[in-house]
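Take a look at the structure below. What can be said about how its chains are built and how they sit beside one another?

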4 protein chains.
Amino acid sequence: MSASTFAVGAEDRLARFVRIRRQTWALCAGLSAEDLLVQSMPDASPGKWHLAHTTWFFETFVLGHDPSYRSPNPEWHYLFNSYYESAGPIHARPRRGLLSRPTLEEICDYRARIDDAVAARIASGIDEALVARIELGLQHEQQHQELLLTDLKHAFWCHPLHPAYREALPVQVSDAPMPMRFLAGREGAQEIGHADSDGFAYDNETPRHRTWLAAHALANRPVTNGEYLAFVRDGGYREAGLWLSDGWAIVQREGWQRPLYWQEDLASEFTLAGMRDIDPHVPVCHISYFEADAFARWAGARLPTEAEWENAAASKPVAGHFQESHRFHPIAAPHHDGWLQMYGDIWEWTASPYVSYPGFKPLPGTLGEYNGKFMNGQWVLRGGSCATPHDHIRASYRNFFPPHARWQFAGIRLGQDR
Amino acid sequence: MSASTFAVGAEDRLARFVRIRRQTWALCAGLSAEDLLVQSMPDASPGKWHLAHTTWFFETFVLGHDPSYRSPNPEWHYLFNSYYESAGPIHARPRRGLLSRPTLEEICDYRARIDDAVAARIASGIDEALVARIELGLQHEQQHQELLLTDLKHAFWCHPLHPAYREALPVQVSDAPMPMRFLAGREGAQEIGHADSDGFAYDNETPRHRTWLAAHALANRPVTNGEYLAFVRDGGYREAGLWLSDGWAIVQREGWQRPLYWQEDLASEFTLAGMRDIDPHVPVCHISYFEADAFARWAGARLPTEAEWENAAASKPVAGHFQESHRFHPIAAPHHDGWLQMYGDIWEWTASPYVSYPGFKPLPGTLGEYNGKFMNGQWVLRGGSCATPHDHIRASYRNFFPPHARWQFAGIRLGQDR
Amino acid sequence: MSASTFAVGAEDRLARFVRIRRQTWALCAGLSAEDLLVQSMPDASPGKWHLAHTTWFFETFVLGHDPSYRSPNPEWHYLFNSYYESAGPIHARPRRGLLSRPTLEEICDYRARIDDAVAARIASGIDEALVARIELGLQHEQQHQELLLTDLKHAFWCHPLHPAYREALPVQVSDAPMPMRFLAGREGAQEIGHADSDGFAYDNETPRHRTWLAAHALANRPVTNGEYLAFVRDGGYREAGLWLSDGWAIVQREGWQRPLYWQEDLASEFTLAGMRDIDPHVPVCHISYFEADAFARWAGARLPTEAEWENAAASKPVAGHFQESHRFHPIAAPHHDGWLQMYGDIWEWTASPYVSYPGFKPLPGTLGEYNGKFMNGQWVLRGGSCATPHDHIRASYRNFFPPHARWQFAGIRLGQDR
Amino acid sequence: MSASTFAVGAEDRLARFVRIRRQTWALCAGLSAEDLLVQSMPDASPGKWHLAHTTWFFETFVLGHDPSYRSPNPEWHYLFNSYYESAGPIHARPRRGLLSRPTLEEICDYRARIDDAVAARIASGIDEALVARIELGLQHEQQHQELLLTDLKHAFWCHPLHPAYREALPVQVSDAPMPMRFLAGREGAQEIGHADSDGFAYDNETPRHRTWLAAHALANRPVTNGEYLAFVRDGGYREAGLWLSDGWAIVQREGWQRPLYWQEDLASEFTLAGMRDIDPHVPVCHISYFEADAFARWAGARLPTEAEWENAAASKPVAGHFQESHRFHPIAAPHHDGWLQMYGDIWEWTASPYVSYPGFKPLPGTLGEYNGKFMNGQWVLRGGSCATPHDHIRASYRNFFPPHARWQFAGIRLGQDR
């Protein structure tokens, strides 16, 4: 891990720290303590838990890096450890919704107290190791900002009255996007992965390495709601031959018939602004890997590999529609040439299982549990979404979820062999 | 159902209504909105849900008794219906903890609004049918007061930090109770059940009818913690021969080794005042039917039938240690002759499955679902507990829970054949 | 337990032993080793297991009563113990279908070897204690004969091709039975239970004791398929208000819409002779307690209590249609006055949970586990069925099953208050 | 799919068909119909089902290829279809153990009948398409031969008495193998996958394509029991940090402490010859991917990728210890240079998830379900085992199982970065 983006100077570091930490809290504005306690499924966490866990991360790995540090709330350590087995016993994930105590107010104080302490540390001058840990904490905070949004969306959707996260979110009236076209990618021995000189990256993006790309092409834009609707109407969810075996099993067991948040009428969908008409021109989202893969087969195409995706994306600036727009929903693709919406709007499922790169070395110590131990049964997603902070994403960024996960802003870009 | 206790006059009715409704709220004093949202298991409900459901009961069965009534919140009907199938679809019980909305504050307003409307109805003069429904609503409210306490106790116990419901609850230093003695009950054809002239009763307590009692005796007092500890230490939880087959299965599957809230050291237990020393002289509680039955077998005795219990209890005034003492935990038995603690302190498991009395007729319409449909797989408990309101209990009162339920204030009085 | 029916003399004892043991084997005639290995659900056992377990019972409780007895197959003890915890560890019930070894042939030899040894014991003269144990073993054998038939029926029904147990079973063309009429039973203090002087009974039928019967009447005959069909067609399975709460839950969870073995067309049903037309005049069977109870509510009646049933049945000779007819399916009621088909054809669900009689004492030692430990969560059935051996049933006989069990030959006789 | 190995001439084809089909039956010699009916877990099938399903495969895809073909047993189609959704509805996999009918004898006849018909077809001269389908059927038969052995092993192990599949299997007394050494593999752009000109291969081995190999080395031989025992004794199963997150979850949930068939004493293990001493010099087997991966981490190494493995293996003749040795258990590695035991003895887990090769095209029609739809959640294994027929394996062969699967003869070869 390198931290050069962060290490611009003591003041900038502090400003960045303060800005990102405040943004998490800002995402909770207008929500009640009750809204922030609900846990709608084992995979999702209560908002309050996100607020506390990200703070615990700074307390444990930044303040706690100093062996003389004594936590004023050592008993909270158990509550807010997510999955770091080597950091001690862990409160069971599906039971996070039971944590009425500490109250939201106490967590708010906790955040302030830890923020003050970290800020004082930054102001007093810190070595590179601590700079790196603070930056990791901020990147971690940004990941949880996105999860906070997707977990809240799921919780509100599970509520029988389907309340909106924010009533006032802007509505977009979209024009039809450009026709889908396949643009050839580079072939042969190509490098992917994060180069050490390029600023922060997670360990799972390294080392930069060579891979071999066969002849291929990627679609110029993601699949839209309108295109996905054609798949639904064509009986896509009733045709076993389109699905992976595990996918077909879940389609039948769970009765899947459409994307997670679409209503039965195929005309409206649940968004963070409540129920809205489905815009046919906007990228489809909240679909699983299984659905993305079945759609691609139906369309006579396939999903891109992560190497193909990264190779294409690396040629483009990291620009698009992110959390900062405060829309919290994808918008239609712009009209111009080349690959569109590679970054932002929706995470794009790839045909690549999440495994280590050749020569991968996890971070040393407890932080080595951050990424590496999840390299089983998950698929890589690329590019960030409308819920991702703009400065959090990069071409080499590897997100990963199990193939049945639907509650993320995940969609489809098609690929094909050439 | 008769409502003579209630029908003293318009003013007394109103005072009783206001007092009981306020008491529910008073039990929530000092708790946060978060404390009142937690659902620790499917059998338990969040405090907020209790507050809302009891209000829904008055809205539906008292205000809604007038066909011209229009609810300002018809969409809440679905949320707060507990199990009345004929009143419409029902939010699934295990998902009550997801109901962040309406907020606690909104529920508080809801209570006030419905209370005002019911009070106005009472003040304007009501017929016997409505008097009966209001009384049923108040009895129902009192049942939920007890459940509110036991559900909160379970939720706080499930919290890894074991917070106390109320820190300031009084501690009792107890003397040893009198030795256990068995006192003969009446034999032959005996009447049990509620007589119509005796004021309010649930439908399941009627009709009063004759039953035949064989020669028997009941212990003068409940089994104490100290006596139950001897059973534990004697290997009671490891001896299959002491248990019903279903009980032994759950002992092994769940790893039961002691009463629900006892700690592993057999020296302290979780109470609504937090962790406390186990008082050996106080009645054991938070045990299941299976445990009560196994203890009785170990002790060479048996549990009383509900008819034996009622026959003995009917001779005694309804006096004892109830919710009003604000201890929320049993206390030691007093020192005098005869049957002690028949009412209050702990519900007493009986050897009687919960079935209908000969000639039983459920209430007409939707309220017929109140009791009758649960007559399978449950056992009768008698006498009320330290969490029961004093004026809620009577000799003919039939409480019922499944044999594995442990989170109620339930204990043991032994019986024997003569 | 008294054994006077058995103790007629050494020869008769021996003949009875041989006859009953052979009958079990005869029920397996024409079945393959594979047919006898299938276990279609945890509640059912493979035929081979029944053959072995009943033999184990004699080996353990008759031969093993002699402390010098050494089993030639001590390792089988674990395999064929059903639920006697005090007799040692037990192979898990749902895994009985894994017991390919010992083979059917070895079990056949096992039966012969134990039979020879028991016969030799009988011939050599035995004391009353052993006589009683042999009689218990024979009664036990007869219970398993019935279970063998109902378990095989379930296994063949689970098979996609629905093979018949015996193709050649006779078909009955039935006339319409007499109209259903309710005949008053005796009221007041009445005795039920087995009197010691009356020959063999299980411990759970004792002691004979007084109970109080309110005014009531019992239907002259069981409910027929035609009558039950009217309930189905009237939407009985869709009307929550007719069902106990637990019953309604299972109706929805399992999608119950008709009796277990009825086909979707409501015209044919699976029998031990394969698929056959439903005979409208024959008693309905293979229904659960929940269905019997819901039907009774729909019919404006109720189920009889076991005391009411026994009081009525005690006045009648034990005659009817049993296993010996080799029909293995109920037939229509005869045409005459009084209560018909009290014995045989179908077990009749009663409104009585299975609990102990006042003064109940289980058999001493391991055999005390035979009945008493199951006194939770089950309901009593009375009268025997077309699969019960004639000489196995009596007025005081108490069969018991959980309320959801459907695979027994269980039906309905209605009762009512007077 | 090419079929050149098969297409040597009409006679050789016939001889090969007869030999392979007979071999399946030979593996069942000495087993009873009951042994062949047991299904010990949903992942395993009864022996009889394997016998029938492989026959169904020939009937459906070879005989049924002729549209005029009429099956004499059309109702069996449902029973013996494994997972071909487009071939019609399918009997649920976990319920295969219920299929008492058709009997083993009927299946035996079924095999003979279909074999005769296929043989007649071969003798009468067949086109390339049918040759290819027959060859696929034979390869399929060989896969099921291995599964038959591993499923029987699991079934016998689940039996409380742990019977042996074959008592008479030879015991090997092994010398210590050569020390483990890492031998460098080829780097850079390398080709893997099956070339069309090379005889039969499954679709998932194609197309042959280029991949990029980083600098690496593979161990000269598999990990032995003795080496794995050191991992166990060092607390490998208690150290979360060694495990993938999903692996650690299963270690805790299932209580894993050693390989599947090792006994608690770590001195003996269950084999197809019954319980035997663990030979420290023999490759460890019956471990999951999770265990292989954890062992590799503990050993400071990693698992090879499938490309690394294939690149190394392609340089070696397909020779080793296979099903034909009739040992059905791995033996110790021979003493010579280079990579040892690449083929046979144990399948080797690779670090490669099972996904499609670039340009992969599944077989057309129903046979396209053979491999492609399982490309989720599984890991590739290479090299064949002691239960694999010799002529079934090749360098490009890709076996795959979920990461928790332990009942195959699967072991470990270590790899490392260079």
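Of the 418 residues of chain A, 50% count as buried. Keep in mind that this is a predicted model.

Start with the fold of chain A. Its secondary structure comes to nine helices and 11 strands. The radius of gyration of chain A is 21 Å, close to the 22 Å that the globule rule gives for 418 residues, so chain A is as compact as a globular protein of that length. Along its principal axes, the C-alpha trace of chain A spans about 65 × 55 × 35 Å.

Take the contacts with a separation of 6 or more: 80% of them join residues 24 or more positions apart.

Now turn to the partner of chain A. How many residues of chain A are in contact with chain B? There are 24, and they meet 24 residues of chain B. Two helices of chain A, α3 (76-80) and α5 (128-158), each supply at least two residues of the side that touches chain B. By class, that side of chain A has 13 nonpolar, seven polar and four charged residues.

The table lists two of them.

Conventions:
Residues numbered from 1 in each chain as written. Chains lettered and ligands numbered in written order. Predicted model: local features only at pLDDT ≥ 70, side-chain atom pairs only at ≥ 80, totals over all residues. Contact = placed C-beta atoms within 7 Å. Helix = DSSP H or I, 4+ residues; strand = E, 2+ residues; numbered from the N terminus. Nonpolar A, V, L, I, M, F, W, Y, C, P; charged D, E, K, R; others polar. Rg over C-alpha atoms; globule rule 2.2 N^0.38 Å. Buried ≥ 20, exposed ≤ 12 C-beta atoms within 10 Å, placed from the backbone.
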